[in-house]
Amino acid sequence: MNDVGMSSKTENILPAAPSAWDQLTNPSLAEQQHPQHQQQQVPPLHQHHPAQSPQMQASSPTTISAPLLTPTKTTPPDVAHTPSGAAPGAPGANFNEELAPELTQQGWRKFWSKREGRPYFWNKLTGESLWEPPQLNRGPPQFDPLTDPLGICSTSPLNGPLPMHNSTGYNNNSHPSPHSHHHNHTLKRRASEDAAQQQPQQQQQQQHHSAHLPPGAGSVGGPPPLKKYVLPGPWDLEVPTNVLIYERLPTTFPQPYPEVEALRGSLTLRLAKTYEDLCNKRESIAPPKDSFQRWLMERRIIDQGIDPLLPSQCTPEISPQMYREILRDIPIKIVKPKFTGDARKQLSRYCDAAKKIVERRGASEESKKIVKWNADEAYEWLRRTVGASYEDFQDRLTHLQRQCEPHIIATVRVSVEQLCAKLYHLSMQHARNIRERHAQILKEHGIPELSAPLQPPITRKVWCYPVQFALPSPRMPQIDYSNDRDHMVIKYTNTAVMAAPDTHVVNISHLQKLEQLYRYNCFDDKKFDFFIGRAYCMLKRYATFLGNNANPNQQEPELTQAALPAVVFECLHHHFNVTFECFASPLNCYFRQYCSAFGDTDSFFGSRGSFLDFKPVSGSFQVNPPYCEELIDASLQHIDRLLTDSVEPLSFIVFLQEWKDPPLKCLSKIEDSPYKRKQVVVMGMEHEYRHGLQHCIPKSEVNFKSIVGTMVVWLQNAAGYARWAPTEARVDALLEAFRPGRERDRDKAIATSTTVPVQPSCSATASSPEPGTAGNSSSGAGDLSSTGPSKPSTPATV
């Protein structure tokens, strides 16, 4: 090392040696410096002169102005959410070597550590980071990649896992190679590394001694193993995926932003109010219950527009689902009466409404004559009939509907079509306004829009991974939140969009679940700077979709986001190796990998996007779609295509509630499917579901009994049937898991057996950064989360 500490003048400092970054980008410099470092001896740690700091600063790679690619910081047009591009270089002593194809398929990439001044290896699928080159078929990691992603706290030498076999030409007792000396000479040393390198001989002797001890005896007197933290609750976030997909393009949707979500919520609420007014004024009926939400789901199947929620590019423009539901309620909504008197009143009201429609809507003369004649006949029957039974009134109403319905539909058909078309055109206008505002926000933050189409990825099989973004995220605004007993209140204020602050409530247990999902699936925000903002966007999106601000008192649990009990998921995973949910959300998912309706807001918490756009090659899945006939029909067709195209094991266990009013016509496709292996029905009132709003209601109200039966169907190809066949024992175990009360028994057993302390919520004690201090806040959530209990390491991938 050049001695520059004897001179007090900066102009006399000798030229600095080429930095590690210069040697990485210019291999000729590395070859020139390599013989010199072999002859030079590294000075002892206690002979570190203070005057050497100018030279270290001059050669530090942190002074390079060019942007460096790291797992948490990328620049356009690179993928901002989960980096998939590899930095120049490769493992081993030669920087110019590339990673082995097997390691690349496992998700390993090589990046440059700007802080440490040396390369490291990061797995984009598991989130694991290593200083040393990864090896095939290696043992479990020597450190926790979640709490210690770079291995800083590892007790292994050089902050990396020790090689399990002699793959580099050196055994465990050999000295570091000259290349490793070169790295340690140029980067800034830390106390953790110094302490680890001061006693290398003692560590090697301990390792050699422990190798001859019986299993379990080697840890006596050594450091305690890392504690694996498992978040308790009605979920299992430690189950790795068994789903393989082909690598896919990132989404072109911009990343969610609180102001945009608030604007989208207000415009969607205005659109729903317009739909209600059109039904009242034009058709003299109340809008069908949850028809607007089903319209959003049905439009998402065919929408190719610019908004993730509001339809803006659909063909045809008129929704058959909305058209059918409105016609079903004209002239009045037919319900099943409880008493005979109610049946008599309903028949009389139908007669009055039918006559008013044909008289005021300009129906044809023949339609007027037929409807009036049938209505008068029904009036006459009511006057002369005394003591008619419940069944007599119902039969008379059915006969009147059959005679009048064709003429009523012909009269109101044009009006209903205009209503549906107007609603769609208003939705297009709102979507354009939202996109323009979002583009303006990106421009204010210096984020350019995509100017060229994305290049298709390499065709290869990988483990399924969350949705990636082609554009980076703008800095989040300030969002207020506070603890209120056992739940968190998140409040966003923006007077330009909303007259009053927008408030959302989430239970502390579900907030901790969101944090755990965020650690597993979000790779561009390790310090949790954007966590509160992204959690707000996700909560706001589902509140907008469900309407009424997701008020539990105004929602029926059967028609929202109901989920299967945790005991059923445990049985599915144990007997059928199910690791993936095809219809879920961050709030009601059981596994950490799933598909959801909104991939842009849910991807940070594990969503793989829409199920209709998800094309797995192999795996075992649970399918529980919401009640929408068009969505169920499209899902069954998608499953049939997947089973036909793949020869690898594929299994889909479909759960459909048997709603009789109206019945599902698409169920005939299940009966005719060649991949149907088994079908059973769980009777109504003999099994339970979890409330769709379980994240904001008391725990005692989460479970409810299903009033209708649930049909369970196994759809499998030949390979899937050979591996996960629905045998009689497995089916019986699933039916037993559906028994009411099993969920409460499971919760009691967990409460009495678990000894893991509750993890302190990082969001409960820290807030989103101010607009000007997003990356420098010392009280950010990431600082607190890094000091929490250890998290489980992500399983290795192929």
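**Figure 1. H11 against H12.** In this predicted model, helix H11 crosses helix H12 in a left-handed sense. The two helices pack with their axes 9 Å apart and at an angle of about 155°, which makes H11 roughly antiparallel to H12. From H11, the residues in the contact are Arg344, Leu347, Ser348, Cys351, Asp352, Ala354, Lys355, Val358 and Glu359. H12 contributes Lys368, Val371, Lys372, Ala375, Asp376, Ala378, Tyr379, Trp381 and Leu382. By class, 10 residues of this contact are nonpolar, one is polar and seven are charged.

**Figure 2. Helix H11, its length and its buried residues.** H11 runs over residues 340–360, and its end C-alpha atoms lie 31 Å apart. At 1.5 Å a residue, its 21 residues should span 30 Å, so the two values agree. The buried residues of H11 are Ala343, Gln346, Leu347, Tyr350, Cys351, Ala353, Ala354, Ile357 and Val358. Among the elements that cover these buried residues are helix H12 (365–384) and helix H13 (390–444). Just after H11, glycine 362 has a positive phi of about 70°.

**Figure 3. H8 against H13.** The axes of H8 and H13 are 10 Å apart, and the helices pack at an angle of about 165°. H8 and H13 are therefore roughly antiparallel to each other. The crossing of H8 with H13 is right-handed. On the H8 side, the contact is formed by Glu259, Val260, Leu263, Arg264, Leu267, Leu271, Thr274, Tyr275, Leu278, Cys279 and Arg282. These meet Ser415, Gln418, Leu419, Lys422, Leu423, Leu426, Ser427, His430, Ile434, Arg437, His438 and Ile441 in H13. The contact is made up of 12 nonpolar, six polar and five charged residues.

**Figure 4. H14 against H15.** Helix H14 (residues 508–521) and helix H15 (residues 531–546) have axes that come within 12 Å and cross at roughly 115°. The two are therefore roughly perpendicular to each other, a class that takes in angles of 65 to 115 degrees. H14 passes H15 in a right-handed crossing. Leu511, Leu514, Glu515 and Tyr518 are the H14 residues in the contact, and Phe531, Arg534 and Met538 are those of H15. Five of the contact residues are nonpolar, none is polar and two are charged.

Figure 5. Most peptide bonds are trans. Threonine 315 and proline 316, however, are joined by a cis peptide bond with an omega of about 5°. Proline 316 sits in the loop between helix H9 (291–302) and helix H10 (320–328). A cis bond also links isoleucine 330 to proline 331, with omega near 5°. Proline 331 belongs to the loop between H10 and H11.

Figure 6. Most residues other than glycine have a negative phi. Aspartate 290 has a positive phi, near 60°, and is placed in the loop between helix H8 (258–282) and H9. The relative accessible area of aspartate 290 is 16%, which is under the 20% limit, so aspartate 290 is buried. Arginine 485 is not a glycine either, and its phi is positive at about 60°. Its place is in the loop between strand S6 (480–484) and strand S7 (487–492). With a relative accessible area of 83%, arginine 485 is exposed.

Figure 7. Proline 616 is part of strand S10, which covers residues 616–623. Its relative accessible area is 5%, and the residue is buried. Apart from neighbours within four places in sequence, proline 616 is in contact with Val243, Leu244, Ile245, Phe621, Leu642 and Leu650. The C-alpha atoms of proline 616 and cysteine 464 are 8.0 Å apart, with the two residues 152 residues apart in sequence.

Key
Residues are numbered from 1 along each chain as its sequence is written. This is a predicted model: local features need pLDDT of at least 70, side-chain atom pairs count only at pLDDT 80 or more; totals for chains, interfaces and linings use all residues. Side-chain values use heavy atoms; hydrogens and water are left out. Axes are lines fitted to C-alpha atoms, for helices over the stretch in contact, and angles run from 0 to 180 degrees between N-to-C directions. Helices (H or I, at least four residues) and strands (E, at least two) are DSSP runs, numbered from the N terminus. Angles under 35 degrees count as roughly parallel, over 145 as roughly antiparallel, 65 to 115 as roughly perpendicular and the rest as oblique. A crossing is left-handed if the near helix is turned anticlockwise from the far one by less than a right angle, and right-handed if clockwise. Contact means heavy atoms within 4.5 Å. Ala, Val, Leu, Ile, Met, Phe, Trp, Tyr, Cys and Pro count as nonpolar, Asp, Glu, Lys and Arg as charged, and the others, Gly among them, as polar. The expected span of a helix is 1.5 Å times one less than its number of residues. Buried means under 20% relative accessible area, exposed over 50%, partly exposed in between (1.4 Å probe, protein chains only).
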